[in-house]
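Colleague: Please take a close look at one part of this model for me. I would like the salt bridges, and what they tie together.

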Amino acid sequence: GESRNGSVVWDRAGRRIAFLSTRRNGASNDIWMMDVDKPETAGIVLESPDGTWWGPVEFSASGSKVLVQNYVSITDSRAHLLDLDTGTHTLLTGGGGGGSNEPVAFDAADEGYWLITDQYGEFRQLAWQALEPGADVEIVTGDIFWDITEVELSHDRRRLVFAANENGLSRVYLLDTASREYRVVDSIPVGIAYGFEFSPDDRRLAMTLNTPQTPADTFVLDL
C-alpha cells in the first residue's frame, strides 16, 4: 500500500481508535484517530515534527487525552501527553539524553501514569509520574536490581503484573496499585514470561511462558 499503519489502541468506550500512520507523506510517523463506524473521520491528531517514531499508548478514561511514546533511539525514548481537545502535546519525561522512558498506562484516577524507565539508574525500573507539569518520576521497584521487561495493568487498575529479567529468566510480580506493595508469584514455572493479559473480570492472568519443557505455551494463573 501507500502507507504503513499500526500501533492501534481503542478508547475505553470502544468507539474510536488511535493509530500510527505514514499516510500524510509516506514517511512521517504521525498519530491518527478515527471513529470506527465512520472511517471517513480518520485524521491526524499529532503530526510528527521531526521524523521520529510517535505512537499512541492508551486513552484516558474520559477519552480526552492520550498517552504517547516518542521513540528517538534505543537510548532516547520519551513520554508525552496528548490533549485531544486542544491538539497540544506535553513532554512528561525524557529528552535531552534522558534515557529510555516507556509509558504503560494511566492510573485509576487519571492523575498519573505508569512507565518503565532507565533514566534514574542502571536498570529498567517500574515507575509512576503525576501528569502535572514538572512532576517528578517516582521509582517503584528501586529494590529490584534487574531490568523490568513486561508490565500489564488490570482492567480495574487495582493490580499490576510485571516481570524482571533475572539472569535471563523471568521473575513475575503482582503489585497493588494503591499501596504500591508487590510480591513474587512463586507458582509460575521457571522460564521466560511475557504477553500478560488479565481476564475481563481480573480474576485470572494469562501469559506466554517459555521453558525447556513448554516452549512458548500459554498458561493461566488463578489470582
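**Salt bridges and the sheet beside them**

Modeller: Asp30 and Arg24 form a salt bridge, with their closest N and O atoms 2.7 Å apart. The model is predicted. Asp30 is buried, at a relative accessible area of 0%. Arg24 is partly exposed, at 33% relative accessibility.

Arg16 and Asp11 also meet through their side chains, in a salt bridge of 3.0 Å, N to O. Asp11 is buried, with a relative accessible area of 6%. Arg16 counts as partly exposed at 23%.

Next comes Glu138 with Arg180. Their closest N and O atoms are 2.8 Å apart, in a salt bridge. Glu138 sits in strand E12 (residues 137-139) and Arg180 in the loop between strand E15 (169-176) and E16, so the pair ties together parts 42 residues apart in sequence. Both ends are partly exposed: Glu138 at 33% relative accessibility, Arg180 at 26%.

The structure holds eleven salt bridges. A network of them links Arg12, Glu58, Asp110 and Arg157.

Now the sheet that includes E15 and E16. Four strands form an open sheet in the order E13-E14-E15-E16, paired antiparallel. Strand E13 (147-153) and E16 stand at the edges with a single partner strand each, so one side of each has no neighbour in the sheet. From one strand to the next, the twist averages 25 degrees. E13 and strand E14 (residues 159-166) run antiparallel and are joined by six bridges. Glu152 has Val161 as its bridge partner in E14.

Notes. Residues are numbered from 1 along each chain as its sequence is written. This is a predicted model: local features need pLDDT of at least 70, side-chain atom pairs count only at pLDDT 80 or more; totals for chains, interfaces and linings use all residues. Side-chain values use heavy atoms; hydrogens and water are left out. Two strands pair if DSSP finds at least two bridges between them. Helices (H or I, at least four residues) and strands (E, at least two) are DSSP runs, numbered from the N terminus. Axes are lines fitted to C-alpha atoms, for helices over the stretch in contact, and angles run from 0 to 180 degrees between N-to-C directions. A salt bridge is a side-chain nitrogen of Lys or Arg within 4 Å of a carboxyl oxygen of Asp or Glu. Buried means under 20% relative accessible area, exposed over 50%, partly exposed in between (1.4 Å probe, protein chains only).
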